[in-house]
Amino acid sequence: MDTPLLNGNLDTGDGDYSPITNFKELKSVFWIESVKMWKIATPIVFTMVCQYGINSVTNIFVGHIGDLELSAVAISLSVIGTFSFGFMLGMGSALETLCGQAFGAGQIQLLGVYMQRSWIILWVSCIMLLPIYIYATPILKLLGQEDTVAELAGQFTILVIPQLFSLAINFPTQKFLQAQSKVRVLAWIGFVAFTVHIPLLWLLIYVFGWGTNGAAIAYDVTSWGISIAQVVYVVGWCKEGWHGFSSAAFKEIWAFVRLSLASAVMLCLEIWYMMSIIVLTGHLDNAVIAVGSLSICMNFNGWEAMLFIGINAAISVRVSNELGSGRPRAAKYSVYVTIFQSFLIGLFFMIIILIAKDYFAIIFTNSKPLQVAVSKLAFLLGITMVLNSIQPVIGGVAIGSGWQALVAYVNIGCYYIFGLPLGFLLGYKAELGVTGLWGGMIAGTALQTVLLLYILYRTNWNKEVEQTSERVRKWGGHA
């Protein structure tokens with residue numbers, strides 16, 4: 001039998017696939033979908049790695065100032081920063097659903113209005129998050145952090161308030177470009193920002209001698225540089241999707257907020273879940289070593305997470321575009337191919353971590369006790385990397401399909417009713433410390449992954465196409 005066709009032509013992608021009936025067809029689909037997905041994913045992954053590298057390099061520079069500074073900045077970025085990042089990313093992810101599906105349906109003119117609407121909503125979200133930044137020190141003390149760590153973390157957090165507001169511009173603009181697969185420019189912007197950030201940190205921390213204050217200022221400057229560069233590109237080079245500022249952005253605001261909140265809840269529950277382990281670890285004996293070692297592991301996990309967040313964005317674009325174009329099999333096959341490849345990548349990272357478990361902490365610290373503590377956590381880090389290779393892909397499918405509310409319910413049950421209490425019991429009651437905390441929370445992630453795979457298996461993709469068509473009509477397009 002011939003290979004599965006797309007409107008009679010295997011290479012054009014203008015129509016949907018025929019059903020797969022043999023191994024030859026399976027190989028053809030696997031190759032076609034791999035090329036399509038990685039063509040989108042590679043620049044996005046590179047962009048996310050560069051942007052996360054800005055966080056990671058900041059931690060590296062601060063870590064060589066001292067253990068206290070490393071713990072304080074790690075707490076600020078991991079707790080306060082992650083809290084706001086999760087909420088802002090979630091509020092911006094509604095744009096990913098709508099822009100991707102509108103673009104697939106040929107309604108490109110809607111994208112600029114959607115983006116402006118998201119700018120408004122995220123700017124208001126920043127104002128709502130301000131008290132958390134201003135009162136970071138008492139909040140961290142209330143959460144059980146040591147006074148010296150909480151006070152230094154609070155000072156750093158106040159200084160990175162400008163970075164928070166940069167996200168209100170960054171995320172919507174990024175989703176606007178991703179929906180149209182205009183991702184190479186994001187990669188270039190991210191690369192330039194990362195390369196500039198390193199000498200800027202060195203200048204402000206060591207040459208000017210500003211310590212953690214210099215790290216915060218460098219973080220602000222780099223973040224705003226990324227946001228401004230993205231907006232300049234949109235206004236100057238995206239004429240199909242950008243038609244100038246429009247009063248239509250103020251219409252249907254509340255309905256857009258509701259969809260944004262569903263996305264925010266889904267993503268926040270995931271991001272805050274891993275954030276909570278840092279908070280709980282701060283209550284253990286020898287908290288500086290415990291938080292420092294876990295922060296180093298989370299930093300490496302974050303590097304891998306950036307790869308899969310990039311794949312998450314790519315599969316979201318693929319699914320939303322295909323559903324918007326009325327191609328259910330193309331959406332389904334793209335999902336299956338991406339999950340399989342992501343799982344193999346996760347296994348590869350686990351093997352690398354286990355081989356290098358006694359050495360990789362040297363990048364972040366000269367402290368021997370910290371290096372030993374990190375080595376003991378390497379096995380859990382490896383397992384986390386495998387689980388985190390699958391879950392973000394399914395999250396991307398959820399965003400591309402508009403399932404955010406369903407996934408939010410799954411996350412509540414698996415993370416906060418099962419995983420977090422189990423981690424608390426193992427960490428404190430069974431006295432297993434940070435190993436018990438992390439192990440219990442891994443169990444919650446594993447349960448969530450199994451349930452989401454089952455939901456994916458039961459999905460009716462033809463019905464998803466119908467719902468997408470209705471969603472595009474609802475938000476201002478036509479059939």
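Q: How many cavities of 30 Å³ or more does the count come to?
A: First, a cavity is a set of points on a 1 Å grid over the protein atoms alone where a 1.4 Å probe fits but cannot get out. Here the count comes to three cavities of 30 Å³ or more. Keep in mind that this is a predicted model, where local features need pLDDT of at least 70, side-chain atom pairs count only at pLDDT 80 or more, and totals for chains, interfaces and linings use all residues. Residues are numbered from 1 along each chain as its sequence is written, and side-chain values use heavy atoms, with hydrogens and water left out.

Q: What volume does the second largest cavity have?
A: A volume is the space filled by probe spheres set on the points, with grid points joined across faces, edges and corners. For the second largest cavity that gives about 50 Å³.

Q: Which elements give two or more residues to its lining?
A: Lining residues have an atom within 4 Å of a point, and helices are DSSP runs (H or I, at least four residues), numbered from the N terminus. Ser71, Gln145 and Val288 are among the residues lining the second largest cavity. The elements giving two or more are helix H2 (67-104) and helix H10 (287-324). H10 gives the most, with three residues.

Q: Is Phe208 buried, partly exposed or exposed?
A: Buried means under 20% relative accessible area, exposed over 50%, and partly exposed in between (1.4 Å probe, protein chains only). Phe208 has 42%, so Phe208 is partly exposed. You'll find Phe208 in the loop between H7 and H8.

Conventions: 1 Å grid on protein atoms, 1.4 Å probe; cavity = no way out; pocket = protein on both sides within 12 Å on 5 of 7 lines; lining within 4 Å.
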